[in-house]
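Try each task before reading its solution.

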2 protein chains.
Amino acid sequence: MPPRPESSRPAFLFDLDGTLVDSVYQHVLAWRDALAEEGIDLSVWKIHRRIGMSGGLFVRALDRELGGNLSSKQAERIQKLHAEGMRRRIDEIRPLPGARELLRRLSATKVPWAIATSGREETAGPLVAMLGVPKRIPVITRDQVPFAKPNPDLFLAAAKALRAPLRECFVVGDSVWDILAARRAGALGVGLLSGGYGKEELAEAGTYRVYEDPADLLAHLDELGVRPGGLHKGSVRAV
Amino acid sequence: MPPRPESSRPAFLFDLDGTLVDSVYQHVLAWRDALAEEGIDLSVWKIHRRIGMSGGLFVRALDRELGGNLSSKQAERIQKLHAEGMRRRIDEIRPLPGARELLRRLSATKVPWAIATSGREETAGPLVAMLGVPKRIPVITRDQVPFAKPNPDLFLAAAKALRAPLRECFVVGDSVWDILAARRAGALGVGLLSGGYGKEELAEAGTYRVYEDPADLLAHLDELGVRPGGLHKGSVRAV
């Protein structure tokens with residue numbers, strides 16, 4: 001098969017928490033409360049820096065830090081308590097500034113996009129609903145893949161659902177786990193500060209660009225080579 | 001007067017929230033709730049990055065961001081709601097790992113130290129009590145100085161209370177506001193990651209060193225030139 005003569009449209013694979021919805025700090029305190037119920041005191045900033053990785057991996061990393069004394073029953077209970085804590089906090093959570101507008105703009109300009117989150121459908125469902133995501137948009141959750149981030153499975157599944165080549169996908173995320181998963185998937189990472197990481201932490205992980213939040217990304221879509229409405233492959237409008 | 005022939009002992013001026021107690025995320029959500037009660041939706045990460053600055057400055061910065069529509073009555077009410085929110089959350093707050101041990105070690109080795117916080121006595125008091133700070137230790141709060149951080153007033157007052165020359169003081173803090181105030185005071189800044197800033201954000205602000213938390217600082221006191229027990233000025237023990 002000869003090489004394709006031209007590149008296709010870029011596609012966007014979005015993380016959810018801290019990237020499209022302002023939910024990271026609720027996750028942090030839900031984990032903290034869950035751990036405290038099991039008698040585990042962990043500094044809050046250390047929990048923050050692990051948000052976005054698979055819940056199972058989070059608990060395993062914690063177990064290692066605690067010297068391997070966590071029973072699998074405890075690990076399961078902590079994850080259950082975290083999910084309950086998030087259900088209680090759902091009313092505090094809002095879409096991030098510009099998130100809905102960004103997604104609408106991508107749809108309007110026929111740029112394919114999907115959501116890929118380390119969260120389970122149970123937790124992610126209400127947040128996705130809050131964004132007004134159309135039914136046709138692929139939403140890949142932890143339940144649909146063998147491993148969550150920083151494994152690349154979620155983004156691989158999202159790109160497959162869009163039939164988009166990974167090398168032409170932008171992965172947009174707020175944590176180093178998104179960026180590591182993006183690189184392992186062969187996609188380009190774009191960081192957002194809205195999850196509370198520092199700019200340099202994301203840049204050092206290998207992002208192509210770092211923006212403040214979805215509104216800031218929307219204002220700079222041209223920097224990612226996204227052309228205004230209808231100018232992609234097959235378009236007849238002149239630039 | 002001839003120059004002093006030798007340097008004195010280094011002194012430590014500590015920030016409180018995020019530096020000695022694990023309270024930053026509670027502050028973040030207390031501000032968020034206070035703002036929401038006044039109908040203001042601000043992304044949580046933007047609140048996080050302003051923790052540690054004076055409450056008045058915080059509200060003024062917010063006012064600017066919102067286009068100057070905040071009345072002074074609203075500004076006052078937001079600060080009052082934040083203080084109430086912190087009172088409600090006090091039971092969730094713990095000393096950071098190693099904080100009590102670090103302070104005890106400094107006292108045991110006769111290194112002078114003080115606490116200087118942008119918080120008011122009302123909020124800071126219970127946190128200081130939690131650390132078991134002896135009565136003789138100077139604790140400078142917002143109530144005692146004209147301007148809180150990033151103005152240097154708090155650290156100037158703390159150094160004065162210790163009769164320590166500023167250029168031989170280490171200011172230990174978790175936010176860029178501490179580091180800016182330290183530099184304006186002419187002291188050396190030491191950053192801690194325990195407030196949730198990234199390492200590079202603190203380093204870029206001009207810290208001499210960045211440690212994870214008080215436990216990590218305690219383990220590396222020698223890097224700051226703090227000699228083990230009794231080896232300071234006037235000591236006769238050999239190194």
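**Exercise 1.** Find the order of the six strands in the open sheet of chain B.

*Solution.* Start at one end and step across: the order is β3-β2-β1-β4-β5-β6, with parallel pairing (two strands pair if DSSP finds at least two bridges between them; strands are DSSP runs of E, at least two residues, numbered from the N terminus, and helices are runs of H or I, at least four residues). Next, look at the edges: β3 (139–140) and β6 (209–211) of chain B each have a single partner strand, so one side of each lacks a neighbour in the sheet. Finally, check one pair: two bridges join β2 (residues 113–116) of chain B to β3(B) in the parallel sense, and B:Ala116 has B:Ile140 as its bridge partner.

A note on the source: this is a predicted model, where local features need pLDDT of at least 70, side-chain atom pairs count only at pLDDT 80 or more, and totals for chains, interfaces and linings use all residues. Residues are numbered from 1 along each chain as its sequence is written, while chains are lettered from A and ligands numbered from 1 in the order in which they are written.

**Exercise 2.** Decide whether the residues of strand β4 (residues 169–173) of chain A are buried or exposed.

*Solution.* Count neighbours first: a residue is buried if 20 or more other C-beta atoms, placed from the backbone, lie within 10 Å of its own, exposed if 12 or fewer, and partly exposed in between. Five of the five residues are buried, so β4(A) is largely enclosed by the rest of the structure. Then sort the directions: A:Cys169, A:Val171 and A:Gly173 point one way, A:Phe170 and A:Val172 the other.

**Exercise 3.** Identify what stands opposite A:Val172 in β5(A).

*Solution.* Four bridges join β4(A) to the parallel strand β5 (residues 188–192) of chain A.
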